[in-house]
Amino acid sequence: MFNRWRHRLAVRRVKPGDGRPLKRFRWWQSISRSLFYLRLPHRDGGHTEYAVDVRHWGNRETGEVEADL
């Protein structure tokens, strides 16, 4: 029951994206930023690739840690 409640709260925090591409990852950002990739294969031989960009120290204006997909 606790997991369902926690999941519902997390779903409420999800916001739609604005369509912009992720910024290029630079080697010196490895301390403050992580970029994760997930490649999912299709049955027809193609694939879909997802990337998640996390800035560890948060947004400069709000201080909130956000993840961009």
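**Aromatic pairs**

Analyst: Tryptophan 28 is exposed, with a relative accessible area of 52%, where exposed means over 50%, buried under 20% and partly exposed in between (1.4 Å probe, protein chains only). The model is predicted, so local features need pLDDT of at least 70 and side-chain atom pairs count only at pLDDT 80 or more, while totals for chains, interfaces and linings use all residues. Residues are numbered from 1 along each chain as its sequence is written, and side-chain values use heavy atoms, with hydrogens and water left out.

There are two aromatic pairs in the structure, a pair being rings of Phe, Tyr and Trp (its six-membered ring) whose centres lie within 6.5 Å, with planes under 30 degrees apart counted as stacked, over 60 as edge-to-face and the rest as tilted. One joins phenylalanine 2 and tryptophan 5, whose ring centres are 5.7 Å apart and whose planes meet at 35 degrees, so this pair is tilted. Because phenylalanine 2 and tryptophan 5 are three residues apart in helix H1 (residues 2–13), about one helical turn separates them; helices (H or I, at least four residues) are DSSP runs, numbered from the N terminus. Phenylalanine 2 counts as exposed at 52% relative accessibility, whereas tryptophan 5, at 46%, counts as partly exposed.

The other pair is formed by tryptophan 27 and tryptophan 28, with ring centres 5.9 Å apart and planes at 85 degrees, so the arrangement is edge-to-face. Tryptophan 27, at 70% relative accessibility, counts as exposed.

Terms used: Helices (H or I, at least four residues) and strands (E, at least two) are DSSP runs, numbered from the N terminus.
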